[in-house]
Amino acid sequence: MGGLPERVVVPDASVTIRDGRYVVPVRREGKGTVGGIVHGESQTGATVYVEPPVAIELMNQLRDLEGEEAREVHRILRELTAELAPQADAIRGAFDALVDFDTLSARARTAAAWDAVVPEITDDDTRGLCIREGRHPLLIESGAGPVVPFDLELLPDERALVVSGPNTGGKSVLLKAVGLIASLAQSGVVPPVGAGTRLPVFASVFADIGDEQSIARNLSTFSAHLANLSDIVAGADAHSLVLVDEMGTGTDPAEGAALARAVLEELVRRGATM
């Protein structure tokens with residue numbers, strides 16, 4: 001910049017890069033004095049970015065060297081790939097084994113952090129369901145404080161459990177915890193439960209928890225729950241776990257209670273666990 005006439009120099013300007021080329025910012029009226037190639041201008045148009053003639057040849061040489069470097073890198077990688085190709089199956093097997101070890105290690109560390117015990121998994125759903133010292137995994141991970149565990153048991157002839165209590169009493173958390181514990185166990189993750197836990201294998205899990213009203217879909221709170229319940233009744237069977245929060249809410253209490261009873265009776269008739 002020091003070699004340029006002061007009338008063309010932009011104050012506090014320095015060499016920069018445009019389109020991969022080194023350029024100097026100069027006043028528009030001075031681009032003819034500098035010569036070279038213009039590679040853009042400022043937003044106001046008062047400054048142009050010029051690649052000086054002295055830099056053009058040097059940049060061309062640099063581009064040639066970069067091309068040679070890229071070709072050499074490609075050649076080396078091609079030769080190394082050819083040497084490794086016969087070992088592709090062994091490398092793939094080693095990678096898969098490392099993935100298995102990594103996921104086993106992660107699940108083991110999680111189980112230890114949760115102080116979890118491996119539950120008994122049974123494909124015989126006539127033995128019922130038993131959760132000892134169950135905890136919601138997200139409550140544990142939040143670190144907000146000690147998590148109060150719960151015990152839940154359904155005998156072989158019991159297919160439904162109704163949870164009642166005041167607001168903010170933990171009913172929804174209990175439902176979510178049961179669903180997560182069952183899903184984690186069937187996914188190969190030790191859930192946060194204690195000794196004596198026994199879980200059947202569920203072929204499907206259905207849940208209607210929370211308010212799913214939608215203006216876009218023209219669904220009120222009650223309509224959204226009704227749509228979910230319709231899907232649950234259509235799909236649930238004796239190998240399903242069904243979790244429904246505040247069944248029949250969002251409408252007249254008497255009508256909601258009647259609807260809840262009808263859905264409950266139908267799901268129990270099908271043998272679903274809920």
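Trainee: In which strand does D208 lie?

Mentor: D208 lies in strand β9, residues 204-208. Helices (H or I, at least four residues) and strands (E, at least two) are DSSP runs, numbered from the N terminus. Residues are numbered from 1 along each chain as its sequence is written. This is a predicted model, where local features need pLDDT of at least 70, side-chain atom pairs count only at pLDDT 80 or more, and totals for chains, interfaces and linings use all residues; side-chain values use heavy atoms, without hydrogens and water.

Trainee: Is D208 buried or exposed?

Mentor: Start with the cut-offs. Buried means under 20% relative accessible area, exposed over 50%, and partly exposed in between (1.4 Å probe, protein chains only). D208 is buried, because its relative accessibility is 1%.

Trainee: Which residues does D208 touch, leaving out those up to four places away in sequence?

Mentor: A contact means heavy atoms within 4.5 Å. D208 touches H225, N228, L229, I232, L243, V244 and D245. Now look at A227, in helix α6 (residues 221-235). A227 counts as partly exposed because its relative accessibility is 29%.

Trainee: How do I read a sheet? What is the order of the open sheet of four strands?

Mentor: Strands of a sheet pair through backbone hydrogen bonds, either parallel or antiparallel. Here, two strands pair if DSSP finds at least two bridges between them. The order is β1-β2-β4-β3, with antiparallel pairing. β1 (16-18) and β3 (37-41) are the edge strands, each pairing on one side only. From one strand to the next, the twist averages 50 degrees.

Trainee: How many bridges pair β2 with β4?

Mentor: Four bridges link β2 (residues 21-27) and β4 (residues 47-51). V24 has V50 in β4 as its bridge partner. Helix α2 (residues 53-84) packs on this sheet and touches β2, β3 and β4. Its direction makes about 160 degrees with that of β2. Such axes are lines fitted to C-alpha atoms, for helices over the stretch in contact, and angles run from 0 to 180 degrees between N-to-C directions.

Trainee: Which residues of β7 are on its covered face?

Mentor: In a regular strand the side chains alternate between the two faces of the sheet. In β7, F150, L152 and L154 form the covered face, while D151 and E153 form the uncovered one. Strand β6 (residues 129-134) runs antiparallel to β7, joined by four bridges. C130 stands opposite E153.

Trainee: How much space lies in the largest pocket?

Mentor: Rolling a probe the size of a water molecule over the atoms shows where empty space is left. A pocket is an open set of points on a 1 Å grid over the protein atoms alone, where a 1.4 Å probe fits, with protein on both sides within 12 Å along at least five of seven lines; lining residues have an atom within 4 Å of a point. Points are joined across faces, edges and corners, and the volume is the space filled by probe spheres set on them. The largest pocket holds about 530 Å³. Of its 24 lining residues, L161, V162, V163, L175 and V244 are the closest to its centre. β7 (150-154), α5 (171-186), β10 (240-244) and α7 (253-270) each supply at least two lining residues.

Trainee: Where is D115 found?

Mentor: D115 is in the loop between α3 (88-114) and β5 (120-122). Its phi is positive, about 55 degrees, although D115 is not a glycine.
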